[in-house]
Amino acid sequence: MDKQPRLLSSKLFQKHRQVEVVLSRSVLYWKEIEKSRKRSSCTSRESETAHSHAVQVCEIVAVHKSEEDDQGDTKRGRLKKAKQQSQLYPHTFTVSYVRRTRQHQWRCSDVSFHCASQALCQQWIQVINEQLSLLTNRPKRLLVYINPYGGKQQGKRIYEQKVAPLFRRACISADVIVTECANHARDHLKTEANLDKYDGVVCVGGDGMFSEIVHGLVTRTQTDHGVDQSRADAELVPCSLRIGIIPAGSTDCICFGTVGTNDPVTSALHIIVGDSQPMDVCSVHHGDVFLRYSVSLLGYGFYGDVLTDSERKRWLGPARYDLSGVKTFLSHNYYEGTVSYLPTADGLGNPRDKVQCRSGCHICQHKHSSKDKQWEMSEEEEKSDKDRWSTIHGKFIAINAASMSCACPRSPKGLSPSAHLADGTTDLILVRKCSRLDFFRHLLRHTNKDDQFDHSFVEVHRVRTFRFQPFQKQLVSREDPSEPPKKKGFSPMCSGQTTCNYSKAHSSWSCDGEILKHAAIQVSGYDVNMVKIEIPDKHHLTRSNHKEKLAVSSNISQLLAGNSYSCYSGTTL
Ligand SMILES: Nc1ncnc2c1ncn2[C@@H]1O[C@H](COP(=O)(O)OP(=O)(O)OP(=O)(O)O)[C@@H](O)[C@H]1O
Ligand SMILES: CCCCCCCCCCCCC/C=C/[C@@H](O)[C@H](CO)NC(C)=O
Ligand SMILES: [Ca+2]
């Protein structure tokens, strides 16, 4: 039981049982009081039973006066007793709270308490509401964008049936925009939306829709502050709004990888209780042209080809990825090019250390602690960066940069199971040319417990920044990979069948599910945050089910952008 002082304590009825209900600052607690008769004395005494319950105040969704006085017991034998009790305790209030179920899923449960007087009932409602109003991280006004065509085209139904009733119950007001075309949400955020009115933006859709919203918010903030985001070295201004995700897409890896499940009700509840989770965001440039931000996967070769092919099959819904996956696998293309990367300093773990990023992850927390200088680069260290760049030239079936695990229902541990959500790094996975069978083995390991990096043709590096240059006949190798490539380095790629046996010379980059126009990219890395998501409640892990893989939810996060142009930095989503 909570050691904090009691704010309120009463004997009330719950269903047909008398319970002692106690509210402290952090916990609502109720315990059944069983009346048993002692034969010897024939006097009644109260004894404690094992039936006690506790709900954290921060996980109370709402408290309401209940209209009906049905005490919830319809069994005939007890009906009479229940009726008597409802006459004695006619005033009822209902507390809605978060209940954890299996596999990271949350549900909203109700418990009703019956009081003898209206004054007592009102007092309970008032005191609980007062405690809830102290939770300042909870949103009150939200701007919701629904992509009606994402995933199985269920976005609108999911919002209306599963999310809106919960928002209403939690007294959250929501302005809803159902998008009419691609980039509707992005452009509305960029130019029209009155963002002062809201505490957060909610995205009902998949990773592509989430990406739209990130781009809209970041761009809007930079425009408002006169920052030119196309400059790779621009100091970005933090966004003040958080983004929540209601999964309604095909992959939903950003939701799955942060919350641990892609369940709309769970996400809605995380938004209501104001949970947030920092996430890395990287910026992708082609020379000095800004292309996009990425929060999940940048994939060239296999995933780029899957995405390119799947876009033509959108009408198939999520199944398009399976079909295009098989087709791309059978094509067995590989691509020649040069990857240069700047590895992370020690202390940020490595992609094969089997450390999983959870809420309150110490690596991510250190990254975001301004007092902790452990991972901040000194000037000298920054200068010596130039010597730390590595360059690999080769033929690759896939080049993947995972800024987070990229866990999703297809691959529950993700492309890089130990990648961190907010450490300012990305895991660069290079899959070299190999046989079809070997590549199949590698892919298969994404779906089971085996280590997908444990192959001679796969290497993985935790990096702060990297560049990719597809092979070009006329390409003269640059001497310093840490310098951005000169413009001429991006002259037309070799066309026709050059080095690849089975494929065209170039693949495309899939950036969070969107195809980039250029194959030659630099993904900026810098140790200062571009955008940051804060975790306001560091205790979340301790109050959650310890079996949970990813204890927290990241559904709503805050764009707190720090400075700098860069990339793997926490964003506030
Ligand atoms: N009204 C609309 N009509 C057509 N396209 C839209 C509309 N609204 C948004 N979009 C675009 O649809 C694309 C895909 O949406 P979304 O990410 O929601 O679903 P998905 O691609 O099925 O899922 P995932 O990205 O998780 O694989 C996004 O890039 C977004 O820009
Ligand atoms: C023989 C079985 C092979 C199964 C291979 C499973 C591997 C699946 C890995 C999927 C990772 C998805 C990472 C997420 C990327 C998103 O950004 C993007 C847009 O939603 N989705 C895809 C599919 O690229
Ligand atoms: Ca990361």
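Of the 573 residues of the protein, 58% count as buried. The model is a predicted one. The protein contains 13 helices and 23 strands.

The calcium ion (ligand 3) is coordinated by five named residues. Asp280 and Asp423 each contribute an OD atom, whereas Ser403, His420 and Thr425 each contribute an O atom, at 2.2 to 2.6 Å. Along the chain, the donors of this ion follow the spacing D-x122-S-x16-H-x2-D-x1-T.

Helix H3 covers residues 155-169. At 1.5 Å a residue, the 15 residues of H3 should span 21 Å, and the end C-alpha atoms are 20 Å apart, which agrees with that expectation. The helix has a kink of about 40° at valine 163, shortly before proline 165. Valine 163 is also one of the buried residues of H3, and the others are Gly155, Ile158, Tyr159, Ala164, Leu166 and Phe167. In an α-helix there are 3.6 residues a turn, so residues three or four places apart point the same way. The buried residues of H3 are covered by elements that include the strands S7 (106-115), S8 (141-146), S9 (173-178), S10 (200-205) and S11 (242-247), together with helix H7 (264-273).

Positive phi angles occur on both sides of this helix. Glutamine 153 lies in the loop between S8 and H3; its phi is positive, about 60°, although the residue is not a glycine. After H3 comes cysteine 171, which has a positive phi near 60°. A further case is aspartate 252, also not a glycine, with a positive phi of about 50°. Aspartate 252 is located in the loop between S11 and helix H6 (253-259). With a relative accessibility of 5%, aspartate 252 falls under the 20% limit and so counts as buried.

Threonine 94 belongs to strand S6, which runs over residues 91-100. The relative accessibility of threonine 94 is 12%, so this residue counts as buried. A polar contact of 2.3 Å joins the side chain of threonine 94 to that of serine 66. When neighbours within four places in sequence are left aside, the contacts of threonine 94 are Ala62, Val63, His64, Ser66, Asp110, Val111 and Ser112.

A disulfide is a covalent bond between the sulfur atoms of two cysteines. A search of the whole structure finds zero disulfides. For cysteine 255, the closest cysteine sulfur is that of cysteine 203, at 9.6 Å, which is too far for a bond. Cysteine 511 is likewise in no disulfide, as the nearest cysteine sulfur, in cysteine 282, is 6.6 Å away. Both cysteine 255, at 1% relative accessibility, and cysteine 511, at 0%, are buried.

Notes: Residues numbered from 1 in each chain as written. Chains lettered and ligands numbered in written order. Predicted model: local features only at pLDDT ≥ 70, side-chain atom pairs only at ≥ 80, totals over all residues. Heavy atoms only, no water. Donors = N, O, S within 2.8 Å, 3.2 Å for Na, K, Ca; no water. Helix = DSSP H or I, 4+ residues; strand = E, 2+ residues; numbered from the N terminus. Buried < 20%, exposed > 50% of the residue type's maximum accessible area, 1.4 Å probe, protein only. Polar contact = N/O pair within 3.5 Å; in protein donor to acceptor, adjacent residues only side chain to side chain. Contact = heavy atoms within 4.5 Å. Expected span 1.5 Å × (residues − 1). Bend = angle between axes of the 7 residues up to and from the residue. Disulfide = S-S within 2.5 Å.
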